[in-house]
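Colleague: Thanks for sitting down with me. Could you bring up the model so that we can go through some of its labels together?

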Amino acid sequence: MHLGLNLVYLVPGETGGMEMYARELAPALASTAPGIKITAFINREAADAGLDLGSGIGMVVVPVHARNRVEWVRGEQLDVPRLAKRERIELMHSLASTAPGRGPFVRVTTIHDLIYRLFPEAHFGLRSLGMRLLVPLAAHRSQRIIADSQSTADDIHRFLRVRPDKVDVIPLGFGDVPHLGAPAEPQDDVRLRWQLGDRPLVLTLSAKRPVKNLVGLLEALALIPSERRPVLMMPGYPTPYEPELRRRARELGVQDDVRMPGWIPREQVEGLWQTARCFVFPSLYEGFGAPVLEAMRRGVPVACSDRSSLPEVAGTAALFFDPEHPREIAAALEELLTDERKAAELVRLGFAQADRFTWAETARRTLASYELALRGR
């Protein structure tokens with residue numbers, strides 16, 4: 001089989017979890033099924049950055065800049081089918097929820113979530129409109145759909161009217177945490193840089209968007225008495241929603257207890273992981289929730305939302321809360337910060353839970369999905 005990977009969306013360093021998905025899945029597929037020929041279809045930004053997916057994976061450059069949404073759609077819908085025909089692609093796997101609507105190949109599409117449908121405010125501008133048109137198109141034109149979780153599979157059935165037997169639930173792998181063991185800023189320097197004093201540090205990592213429920217987290221922080229309130233670190237690239245978060249922190253009187261840096265160097269991120277007493281993830285909706293596993297693999301106890309896919313991913317290794325009730329979030333944080341036995345137990349369970357998710361298993365199950373798609377052509 002000649003397999004195509006539709007990576008027109010992938011702008012290195014700017015595509016978050018979907019970049020990780022491509023970088024990990026492609027070499028795992030090549031390793032699991034060495035007889036398959038794999039060609040990735042990439043944009044100009046990825047080509048200029050020298051994107052490398054591993055030995056034996058070919059590259060075809062689609063002549064578009066994916067930072068421009070109009071070019072990205074044109075490349076996916078017009079150029080990819082033309083170039084795939086030239087390369088004699090038999091099956092095209094699109095890895096980012098949208099896919100070519102036509103082309104002489106079998107289609108498999110990974111739909112990571114339906115945030116655009118359930119929380120439209122999570123996407124800004126043209127992207128929101130594009131997702132509303134392109135995700136249903138991909139769902140109905142594909143022979144098989146891959147979902148990262150049963151929660152997402154249920155949403156695909158409910159909102160896109162796709163038969164459940166057309167959807168394969170394949171959790172993301174995890175393997176080694178990226179940058180685990182990399183140089184980290186010393187903890188004394190972390191405390192000095194972020195003016196922590198001797199206060200405990202609570203870390204959250206997510207895009208600053210409404211669906212991540214960071215306002216709810218700020219409200220929970222304000223409920224913790226000031227004499228035992230931790231410092232909340234919220235790094236992440238800026239979005240149009242960030243001013244609202246800063247305004248709400250001032251209204252709640254916790255602006256001095258919150259740090260909201262934008263992009264920070266990897267060494268500083270590693271220092272934050274090593275300094276954090278716990279990791280909190282209050283999201284209202286996740287297609288998967290890889291940051292939870294990243295915290296577990298690093299030995300950081302987790303408190304997280306009980307919504308969507310997160311109970312599937314976290315298993316019994318997290319302290320759950322209702323994300324719409326700040327008092328529950330606050331209680332979970334205080335428990336992890338004060339109950340050392342509970343925190344240690346979650347760390348132990350977290351290591352075991354993270355070990356359940358491997359890219360080799362993700363690749364094996366993805367290849368099985370390809371087989372089903374090819375049989376149904």
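Colleague: Why is Glu371 called partly exposed?

Modeller: Glu371 has a relative accessible area of 46%. Buried means under 20%, exposed over 50%, and partly exposed in between, with a 1.4 Å probe and protein chains only, so 46% makes Glu371 partly exposed. Before we go on: this is a predicted model, where local features need pLDDT of at least 70 and side-chain atom pairs count only at pLDDT 80 or more, while totals for chains, interfaces and linings use all residues. Residues are numbered from 1 along each chain as its sequence is written, and side-chain values use heavy atoms, leaving out hydrogens and water.

Colleague: What makes Arg375 and Glu371 a salt bridge?

Modeller: Their closest N and O atoms are 3.8 Å apart. A salt bridge needs a side-chain nitrogen of Lys or Arg within 4 Å of a carboxyl oxygen of Asp or Glu, so this pair counts. Arg375 and Glu371 are four residues apart in helix 15 (residues 359–375), and therefore separated by about one helical turn. Helices here are DSSP runs of H or I with at least four residues, numbered from the N terminus.

Colleague: Why is Arg375 called exposed?

Modeller: Arg375 has 63% relative accessibility, so it counts as exposed.

Colleague: What does the salt bridge between Arg298 and Glu270 tie together, and why?

Modeller: The side chains of Arg298 and Glu270 meet at 2.9 Å, N to O. Arg298 lies in the loop between helix 11 (290–297) and strand 12 (302–305) and Glu270 in helix 10 (residues 266–275), so the pair ties together parts that are 28 residues apart in sequence. Both Arg298 and Glu270 are buried.

Colleague: And Asp155, what is the nearest side chain of opposite charge?

Modeller: For Asp155, which is found in helix 6, that is Arg158, 5.4 Å away. Asp155 is buried and yet has no salt bridge.

Colleague: Why does Arg158 count as exposed?

Modeller: Arg158 also lies in helix 6 (residues 150–160), and at 55% relative accessibility it counts as exposed. Arg158 is one of the residues that form a positive surface patch, with Arg117, Arg132 and Arg161.

Colleague: Why is Ile329 called buried?

Modeller: Ile329, in helix 13 (residues 326–338), has a relative accessible area of 0%, so it is buried. Leaving aside neighbours within four places in sequence, Ile329 is in contact (heavy atoms within 4.5 Å) with several residues, including Leu217, Val280 and Phe321.

Technical notes. Patches are made of residues with over 30% relative accessible area and no salt bridge: like charges are joined within 9 Å, nonpolar side chains (Val, Leu, Ile, Met, Phe, Trp, Tyr) within 5 Å. Accessible areas come from the Shrake-Rupley method with a 1.4 Å probe; for residues, only the protein chains shown count as cover. Lys and Arg count as positive and Asp and Glu as negative; His and the chain ends are not counted. The place of a charge is taken as NZ of Lys, CZ of Arg, CG of Asp or CD of Glu. Helices (H or I, at least four residues) and strands (E, at least two) are DSSP runs, numbered from the N terminus.
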